[in-house]
Amino acid sequence: MQFIAPNYDKINYMSNYRRYFNDCNNPVFITFVTYNRKEILLPNIQLLKDSIKQAISKFNFEIIAISVLKEHCHLILATKNPNDIPNIIRAIKYYFSINIDKSFVCENLSESATKRGEKGAWQRRYYDHIIRNQDDLHKHLDYIHYNPMKHYGIRPKDWEYSSFKKFVQNGYYDIDWCNFEDKHQINSMECE
């Protein structure tokens with residue numbers, strides 16, 4: 001996958017805070033987290049998959065890589081319209097929130113969160129990073145697929161909630177990847 005250097009001349013204002021996207025349609029690394037980091041994603045993995053499918057049906061995007069953990073999700077997505085990214089994330093969170101069993105969500109929402117219509121499933125914001133070049137893409141792919149090892153000590157080949165095995169099938173990773181010495185470099189990336 002080759003990328004053109006982004007044009008940072010365009011600045012868009014979305015969701016009351018500044019987001020900058022470009023005309024090059026570079027993929028975007030995204031992290032979104034559950035409310036109070038409650039571990040609701042794995043017991044509701046099918047609902048999360050359905051939420052993503054629902055968002056794909058409304059917006060034209062592709063998930064390049066993903067790793068779902070107990071209380072957060074990392075993904076790299078590509079879209080023809082980067083300005084859709086806030087709406088894509090909103091659509092995923094919304095579908096998940098309105099369909100999750102209420103026993104999984106936070107019941108003690110603040111008054112301000114209730115007024116904003118939050119459901120107690122997700123943190124309000126999310127982290128995003130525009131992939132700038134090939135090296136940046138590789139670093140973020142490594143970070144995504146290394147995440148189960150970082151948090152739970154589970155090797156990527158043994159974590160079923162990621163795209164790692166797809167990348168192995170395509171020859172990008174060896175099945176036993178993660179036996180290397182540069183784990184410190186991956187661990188130094190702050191994407192959560």
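This is a predicted model: local features need pLDDT of at least 70, side-chain atom pairs count only at pLDDT 80 or more; totals for chains, interfaces and linings use all residues.

Begin by selecting helix H1, residues 45-58, together with helix H2, residues 85-99, whose axes come within 8 Å and cross at roughly 135°. The crossing in which H1 passes H2 is right-handed. To see the contact itself, show the side chains of Leu47, Leu48, Asp50, Ser51, Ile52, Gln54 and Ala55 in H1, which meet Ile88, Ala91, Ile92, Tyr95, Phe96 and Asn99 in H2. Sorted by class, this contact of H1 with H2 has 9 nonpolar, 3 polar and 1 charged residues.

Next, turn to the salt bridges, of which the whole structure holds 4. Select Glu71 and Arg37, whose side chains meet in one of them at 2.9 Å, N to O. This pair links distant parts of the chain, 34 residues apart, with Glu71 in the loop between strands E4 and E5 and Arg37 in the loop between strand E3 and H1. Glu71 counts as buried at 9% relative accessibility, whereas Arg37, at 34%, counts as partly exposed.

Finally, centre the view on Asp176, which forms a salt bridge with Lys157, the closest N and O atoms being 2.7 Å apart. Asp176 lies in the loop between H5 and H6, and Lys157 in the loop between H4 and H5, 19 residues apart. Asp176 is partly exposed at 31%, as are Arg155 at 23% and Lys157 at 24%. Through shared partners, salt bridges join Arg155, Lys157 and Asp176 into one network.

Methods
Residues are numbered from 1 along each chain as its sequence is written. Side-chain values use heavy atoms; hydrogens and water are left out. Axes are lines fitted to C-alpha atoms, for helices over the stretch in contact, and angles run from 0 to 180 degrees between N-to-C directions. Helices (H or I, at least four residues) and strands (E, at least two) are DSSP runs, numbered from the N terminus. A crossing is left-handed if the near helix is turned anticlockwise from the far one by less than a right angle, and right-handed if clockwise. Contact means heavy atoms within 4.5 Å. Ala, Val, Leu, Ile, Met, Phe, Trp, Tyr, Cys and Pro count as nonpolar, Asp, Glu, Lys and Arg as charged, and the others, Gly among them, as polar. Buried means under 20% relative accessible area, exposed over 50%, partly exposed in between (1.4 Å probe, protein chains only).
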